[in-house]
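Hi,

Here is the structure we talked about handing over.

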Amino acid sequence: MADLLGSILSSMEKPPSLGDQESRRKAREQAARLKKLQEQDKQQKVEFRKRMEKEVSDFIQDSGQVKKKFQPMNKIERSILHDVVEVAGLTSFSFGEDDDCRYVMIFKKEFAPSDEELDSYRHGEEWDPQKAEEKRKLKELAQRQEEEAALQGPVVVSPTSDYKDKYSHLIGKGAAKDAAHMLQANKTYGCVPVANKRDTRSIEEAMNEIRAKKRLRQSGEELPTTS
């Protein structure tokens, strides 16, 4: 019986020490704070969405407004506003360089912005329809001028003055081509004329001449020498 009681007591977990109790208490407090923060964040998002829904509703009912610019928001708030705008059937865009400075602009469907207007907002500029129209006309005029120039072909530029007159004090009045001398090479200078190099004899005449020279040389060698 004693052995059975001892085995039961040994299998039971030991009561937590003072240090373990403190760690568990801190963990429970941290979990409670985290849950409270999550609930607060959720509540703030709900309230923000309700506020955006009211502003968007007022914007829709105001016939004098075709667009509305909101104050800079963080990424989560912009996401909520874009969702509200989409549900309301409007158009929205975000602009701005830095994430903290980005803002949302909403437009009524019938007054959706053009590409030029969006480009102005992306560059941090205010949209001026009058200036945009002038810019468009200038662009069309430049394009027409380029097309007309292409049809006319390359422009030939004529010099306003003759270089001969400009540099007459250096090269004289006569052109270099007119002043040049026609030179001919001397056929007998430093070389034998081609006409003199050509042998006009036939083969038979050449052979006869060679034999005659040979007989003459042999006859000269046979003459007796005198003392």
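Starting with the outward side: Asp115 and Glu116 are exposed residues on the face of helix 4 that is turned away from its buried side. Exposed here means over 50% relative accessible area, buried under 20%, and partly exposed in between, with a 1.4 Å probe and protein chains only. Helices are DSSP runs of H or I with at least four residues, strands are runs of E with at least two, and both are numbered from the N terminus.

Before going further, the ground rules: this is a predicted model, where local features need pLDDT of at least 70 and side-chain atom pairs count only at pLDDT 80 or more, while totals for chains, interfaces and linings use all residues. Residues are numbered from 1 along each chain as its sequence is written, and side-chain values use heavy atoms, with hydrogens and water left out.

Back to helix 4, which spans residues 115-122 and has Glu117, Leu118, Ser120 and Tyr121 as its buried residues. They sit on the same side of helix 4 because they cover an arc of only 155° around the axis (the arc is taken from the directions from the helix axis to the C-beta atoms). Their cover includes strand 1 (67-69), strand 2 (91-95) and strand 3 (103-107); contact means heavy atoms within 4.5 Å. After helix 4 comes Gly124, with a positive phi near 75°.

**The strands**

Strand 3 is largely enclosed by the rest of the structure, because 5 of its 5 residues are buried. Tyr103, Met105 and Phe107 are on one side, Val104 and Ile106 on the other, and both faces are covered. Strand 1 runs antiparallel to strand 3, joined by 3 bridges, and Lys69 has Met105 as its bridge partner in strand 3. Strand 2 also pairs with strand 3 in the antiparallel sense, over 5 bridges, with Ser94 opposite Val104. Two strands pair if DSSP finds at least two bridges between them.

**Rings and charges**

How many aromatic pairs does a search of the whole structure find? There are 5. The pair of Phe95 and Tyr103 is tilted, because the ring centres are 5.9 Å apart and the planes stand at 45°. For the cut-offs, rings of Phe, Tyr and Trp (its six-membered ring) pair if their centres lie within 6.5 Å; planes under 30 degrees apart are stacked, over 60 edge-to-face, and the rest tilted.

**The wider picture**

The protein has 10 helices and 3 strands, in the order α-α-β-α-β-β-α-α-α-α-α-α-α from the N terminus on. Of its 227 residues, 12% count as buried. Among contacts between residues at least 6 apart in sequence, 50% join residues at least 24 apart.

Cheers
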